[in-house]
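Welcome! Please keep the picture open while you read.

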Amino acid sequence: MVRQLDGGARSAHTDFFHTGPDTLAGRYMRTFWQPVYHSDDLPIGHAKPVRIMGADYTLYRGETGEPHMVDARCAHRGMQLSPGWVHGDTIRCFYHGWVYDGDGQCVEQPAEPQPFCDKIRIGGYPVQDYLGLVFAYLGSPIGEGPPPPAIPRYPTFDNIDGILEMDSYFRACNYFNNLENSVDTSHVGFVHRGGAGAWDGATEGPIIIEPTDTSWGFSSNVRRPGGQVNVAQFGMPNIFHAKALPVEPEVLGFREFLVWWTPIDDESHIQFTVNAVRMPLEKADDYLARRAASKAKRTIPKEQLAADILAGKIHIDEVDPSSTDMIRLQDDVAQIGQGIIADHGNERLGRTDAGVIKIRQLWTRELKALDEGQPLTEWRYDVEELLLLRAGQ
Ligand code: FES
Ligand SMILES: [Fe+2]
């Protein structure tokens, strides 16, 4: 067995971490739509550079309001396209004005005496706004390879009595550390000890995690110390649906959230989060203003604090909880503290790792199937099946 510096002993079917275009996990992730941006952060007529799974792209919103994603660079002399200009549903390169449509087809070469745009094409990719996020399908450029699957829908989040709140963040480690952390509930009693909804893991006893297979991935019943049962549902390959305590009295009942972990590259990722916040609509503006104000008070970036804590310069118990996003700092410390890419080869797993083990089993099975040219599981978010499993919560 070969030992790798960044991940211990692993075969291709257990390398979930490397998602560049030519890797097995990267090919698997590219068979799914992935969120790549907040819709509100992409105004009409603007272009942004984005990096997803180790590859660079240009994301822009046409003057029609439609989002488009093409390769990062112009085919002429390689200029990055995002500083260019959006006209209609096209983007014009800043350097010498070549124009591309959303399929990546060059449609204008204004400085050329004899244009040859019909011979020039860069990659263009299917993109759609959904649930306040821009989703992209990066399996193959438009016009090459099989057509993309339909974008999955999440009916629980389509029509809610309230608002959808986007609440995403960056983390400087491999996406799989975070993905596994989602079903590793025992960390809550230590990493988040003292926080709302947490318990003291050192004194309040063990937790029991029982995963059950679903059409989407698996559903975990988590029995906390004291007997309270929570249900967390994991969707293949990198999605999670759970409930959280309301953050404000006006919020009616639990917040439900959907989460995706999208790799930027192998050493960093974004968690895209959609919260369904049930509340009277007339109170929504005030609610969002209060949330923004409390975020504005957090003046110390969690990234710097996490680095200082892991370097031994301070202990997390010395951090002023109002100065930063404490829960995310706690998770930064735990997840980056596993190593930028966690070393699965040296772990000693226990019963509380039942969810982690389940994720690895499903992923290994699918990567093996992809590698061997066998059919992949067609995962489905079956709202009735999943609701039934959450009923006892
Ligand atoms: S590099 Fe884009 S038009 Fe020349
Ligand atoms: Fe956590």
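Let us start with Met53, which counts as buried because it has 23 C-beta neighbours inside 10 Å, and the cut-off for buried is 20 or more. Keep in mind that this is a predicted model. You can find Met53 in the loop between strand E4 (47–52) and strand E5 (55–61). Its phi is positive, about 50°, although Met53 is not a glycine. Why is that worth a second look? Because most residues other than glycine have a negative phi.

Look for Leu131 in the loop between strand E12 (127–130) and strand E13 (133–136). Is Leu131 buried, exposed or partly exposed? With 17 C-beta neighbours inside 10 Å, Leu131 counts as partly exposed, because that class lies between 12 or fewer for exposed and 20 or more for buried.

## A cis peptide bond

Now move along to Met236 and Pro237, which are joined by a cis peptide bond with omega at about 0°. In general, most peptide bonds are trans. Pro237 sits in the loop between strand E18 (229–235) and strand E19 (239–244).

## A sheet of four strands

Next comes an open sheet of 4 strands, in the order E7-E8-E9-E10, with antiparallel pairing. Which strands form the edges? They are strand E7 (85–87) and strand E10 (106–108), each of which pairs on one side only.

Zoom in on strand E9 (residues 99–100), which runs antiparallel to E10 and is joined to it by 2 bridges. Here Tyr100 stands opposite Cys106 in E10. As background, strands of a sheet pair through backbone hydrogen bonds, either parallel or antiparallel.

## Strands E19, E20 and E21

Strand E20 (residues 255–265) has antiparallel pairing with E19 over 6 bridges, and His241 faces Leu258 of E20 as its opposite residue. E20 also runs antiparallel to strand E21 (residues 268–278), with 9 bridges between them. Across this pairing, Phe257 stands opposite Asn275 in E21. How many residues does the hairpin from E20 to E21 pass through? The hairpin joins the two strands through 2 residues.

Arg255 belongs to strand E20 and counts as buried, because 21 C-beta neighbours lie inside 10 Å. Setting aside neighbours within four places in sequence, Arg255 is in contact with Lys243, Ala244, Pro246, Asn275, Ala276 and Val277. Take one of these partners, Asn275: Arg255 and Asn275 are 20 residues apart along the chain, while their C-alpha atoms are separated by 6.5 Å.

Finally, turn to helix H6 (residues 302–310) and helix H7 (residues 326–336), whose axes come within 9 Å and cross at roughly 45°. H6 and H7 are therefore oblique to each other. The crossing of H6 past H7 is right-handed.

Which residues make the contact? From H6 they are Lys302, Leu305, Ala306, Ile309 and Leu310, and from H7 they are Arg328, Leu329, Asp332, Val333 and Ile336. Sorted by class, the contact of H6 with H7 has 7 nonpolar and 3 charged residues, with no polar ones.

Technical notes. Residues numbered from 1 in each chain as written. Chains lettered and ligands numbered in written order. Predicted model: local features only at pLDDT ≥ 70, side-chain atom pairs only at ≥ 80, totals over all residues. Axes fitted to C-alpha atoms, helices over the stretch in contact; angles between N-to-C directions. Parallel < 35°, antiparallel > 145°, perpendicular 65-115°, else oblique. Left-handed = near helix turned anticlockwise from the far one by under 90°. Contact = placed C-beta atoms within 7 Å. Nonpolar A, V, L, I, M, F, W, Y, C, P; charged D, E, K, R; others polar. Pairing = 2+ DSSP bridges.
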